[in-house]
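This report turns to the packing of nonpolar side chains and then to one helix. The sequence and the structure come first.

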Amino acid sequence: MPNAKQDIISQLRKDILQWEGYRTQPAGTNELVGLGPVEAAFPNSVFPLGAVHELVCATAEQATACGGFIGGLLSVLMQNGGACLWIGLSGNLFPLALKAFGVEPDRVIFITLSKDKDILWVMEEALKCAGLAAVIGELREIDFKQSRRLQLAVEQSHVTGFILRNESDKMGNTACAARWQIKPMLSEQVDGLPGLGFPRWQVELLRVRNGQPGNWIIEWSDGKFTIVEKRVLMQQKLMAG
């Protein structure tokens, strides 16, 4: 009898995680979105698809960094077809820049709105459309009730949503699966050649349900995410000093 109860509890936990976007990874497969050890921070060591992610953008530089990071994720999410909807406030995203992350801009529908309430309505309706690969919404504020409506939408459609929060001084609780903060970092010259190197970010997982927050240095190179080892960064600091 105790074993039967434990099995029921274990199955309920698995069901709850699946409803929240944390699906068990099939045996013999690698990480879902190519983030390596970052994915181990999530339950079942699987990046939650079919869930809503919140990205904190305290500055314009961080907002740009978030856009690049999401571009890398979209290159994976859109591999099997489908379009993406990007709803912005500023309209400062340069569509052709997405090609650097393997995303064709003609597969992304861009909408620019001026009010949070309009963006929330469009985002909720879009997240109900199973034909979309992902939905990104740029917002100033969002409360728990509003985020819960978005989460309920993705639980039915299994579309992955991303919220870019522009007012980081008004952080409250949300129903999002994870809260991230992406900061830009100096790129490293490639083979000593002048000019810009590969995009590099400091990726911090601030909050994650049933998981473990963490901090990583990630670079986009050769069409994929790469974890920059801390010892490499230390060597760079020593050489710079």
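In this predicted model, Leu-74 is in contact with Cys-84, Trp-86, Val-103, Ala-134 and Ile-136, once its neighbours within four places in sequence are left aside. Leu-74 is also among the residues with the most contacts inside the largest nonpolar core, a set of 38 residues in which Phe-69, Trp-180 and Trp-201 share that position. The elements that give two or more residues to this core are helix H2 (60–77) together with the strands E2 (83–88), E4 (132–139), E5 (160–165), E6 (178–185), E7 (200–208) and E8 (214–221), and of these H2 gives the most, with 7 residues. A second, separate core of 20 residues includes Val-122, Met-123, Ala-126 and Leu-132. In soluble globular proteins, nonpolar side chains tend to be buried together.

| Core | Residues in core | Named residues |
|---|---|---|
| Largest nonpolar core | 38 residues | Phe-69, Leu-74, Trp-180, Trp-201 |
| Second, separate core | 20 residues | including Val-122, Met-123, Ala-126, Leu-132 |

Helix H4 comprises the 14 residues 144–157, which at 1.5 Å a residue should span 20 Å, and this agrees with the 20 Å that separates its end C-alpha atoms. Its buried residues are Ser-147, Leu-150, Gln-151, Ala-153, Val-154 and Ser-157; because these cover an arc of only 155° around the axis, they lie on the same side of H4. On the other side of H4, Lys-145 and Gln-156 are exposed.

Conventions:
Residues numbered from 1 in each chain as written. Predicted model: local features only at pLDDT ≥ 70, side-chain atom pairs only at ≥ 80, totals over all residues. Heavy atoms only, no water. Core = buried A, V, L, I, M, F, W, Y, C linked by side-chain atoms within 4.5 Å. Buried < 20%, exposed > 50% of the residue type's maximum accessible area, 1.4 Å probe, protein only. Helix = DSSP H or I, 4+ residues; strand = E, 2+ residues; numbered from the N terminus. Contact = heavy atoms within 4.5 Å. Expected span 1.5 Å × (residues − 1). Arc of directions from axis to C-beta.
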